[in-house]
Amino acid sequence: MGALAEAYKHSLLDKQPIPLDYGSVRTLPESHIWLDQSDESPYVAYSTSPISPPVIDLTDPDAPRLIIQACETWGVFQLIGHGIPTKLTEDVESEAGKLFGLPVDQKLKALRSPGGGAGYGLPHISPFFNKCMWHEGFTIMGSPIDHTRQLWPQAYQGFCETMVDYQNQLKALTEQLIRIIFKSLNINSEEVDWLKDSQGSSTALQLNSYPACPDPTRAMGLAPHTDTSLITIVQSKTSGLQVFKEGAGWILVQPIPGALIVNVGDFLHILSNGVFTTVRHRVVVTQIQRFSAAHFYAPPGDVIVSPVMSKDFGEVPRYRSVSVKEYVETKGKHFEKALSLIKK
């Protein structure tokens, strides 16, 4: 949990400390209007281009080549044939719906502590923006039992069992993808100690609720950013996620039934010497509530991430070597300028 826990150690006390009581809001508050923030406003039309991130079947013998191609050209793809049971993904959405459907006073019992990573609250990127996002979240790092007990003192077992099973299965899937990608980078997975150690990596599960919005054209569900991870896997049944593609602008991702969305994060971008795209993305809202779940996976904090040098990935490093902990701290201070600050 270490590296991602560090990434979330940003106090939200200088911002609105808790999400709105969305059920009681009839008009969009000034604090949540993004219209005047130029290119960061969802009101700016996204591309109507027919292009979209590729859909890859993990059972396809050609999947490894297609995954690498997607990492290079998009930094995001939809994955089918991944082996995560449909029943489990449905249970996750059902449990998330129960959590976010609790009365506000009940949810606030699991409010994140100042500087804390786990629990209920605002998006972790909130301190970097002047406006508030139309969003409430619940972050799980390790066992969810402590915070969940605060929500359901007598009936937390079902939620915990579902989330622990989900985290374990997504972690295994992520490591399967990492081994495929590492092979293309000529990294021997068997020599990567933290990948072999079941406790070695740093993971977090983020449950997201984007409540029904009275004025979605002027609100923002989640502001533009890249992920401080190697890989992020996102579950979402309904559209709302937009990804930025050079030359095309913002592209709305239309979820394929049963698919999971895989994002390339900053660490994989650095490792590939900038060849794999760390995808910039955001979430827009509608007048209908939607849920998503995102599983973040990063190396431990003491691991040094260095660009791979080869004919395919360049023989001159674009980034200097950096520890996971140092990069997380840099991102925590400088947000989207972090990658440029470690450029050579």
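Visitor: Which residue has its charged end over the ring of tryptophan 250?

Guide: Arginine 282 does, with its charged end 4.2 Å from the ring centre. A charge sits over a ring if NZ of Lys or CZ of Arg is within 6 Å of the ring centre and within 35 degrees of the ring normal. Lysine 245 lies over the face of tryptophan 74, at 4.8 Å from the centre of that ring. This is a predicted model, where local features need pLDDT of at least 70 and side-chain atom pairs count only at pLDDT 80 or more, while totals for chains, interfaces and linings use all residues. Residues are numbered from 1 along each chain as its sequence is written, and side-chain values use heavy atoms, with hydrogens and water left out.

Visitor: How many aromatic pairs are in the whole structure?

Guide: Rings of Phe, Tyr and Trp (its six-membered ring) pair if their centres lie within 6.5 Å; planes under 30 degrees apart are stacked, over 60 edge-to-face, and the rest tilted. The search finds twelve such pairs. Take phenylalanine 129 and phenylalanine 335: their ring centres are 5.6 Å apart and their planes stand at 85 degrees, so this pair is edge-to-face.

Visitor: Where in the chain do phenylalanine 129 and phenylalanine 335 lie?

Guide: Helices (H or I, at least four residues) and strands (E, at least two) are DSSP runs, numbered from the N terminus. Phenylalanine 129 is in the loop between strand E3 (119–121) and strand E4 (136–140), and phenylalanine 335 in the loop between helix H9 (324–334) and helix H10 (338–341), so the pair ties together parts 206 residues apart in sequence. Ring pairs also link Trp34, Phe128, Phe129 and Phe335 into a cluster.

Visitor: Are phenylalanine 129 and phenylalanine 335 buried or exposed?

Guide: Both are buried. Buried means under 20% relative accessible area, exposed over 50%, and partly exposed in between (1.4 Å probe, protein chains only). Phenylalanine 276 is buried too, at 0%, and phenylalanine 313 counts as buried at 6%.

Visitor: How many cavities of 30 Å³ or more are there?

Guide: On a 1 Å grid over the protein atoms alone, a cavity is a set of points where a 1.4 Å probe fits but cannot get out; lining residues have an atom within 4 Å of a point. Points join across faces, edges and corners, and the volume is the space filled by probe spheres set on them. The count is four. The second largest cavity holds about 50 Å³, and its lining includes Val92, Gln235 and Phe291. Helix H3 (86–100) and strand E12 (290–298) are the elements giving two or more residues to this lining.

Technical notes
On a 1 Å grid over the protein atoms alone, a cavity is a set of points where a 1.4 Å probe fits but cannot get out, and a pocket is an open set with protein on both sides within 12 Å along at least five of seven lines; lining residues have an atom within 4 Å of a point.
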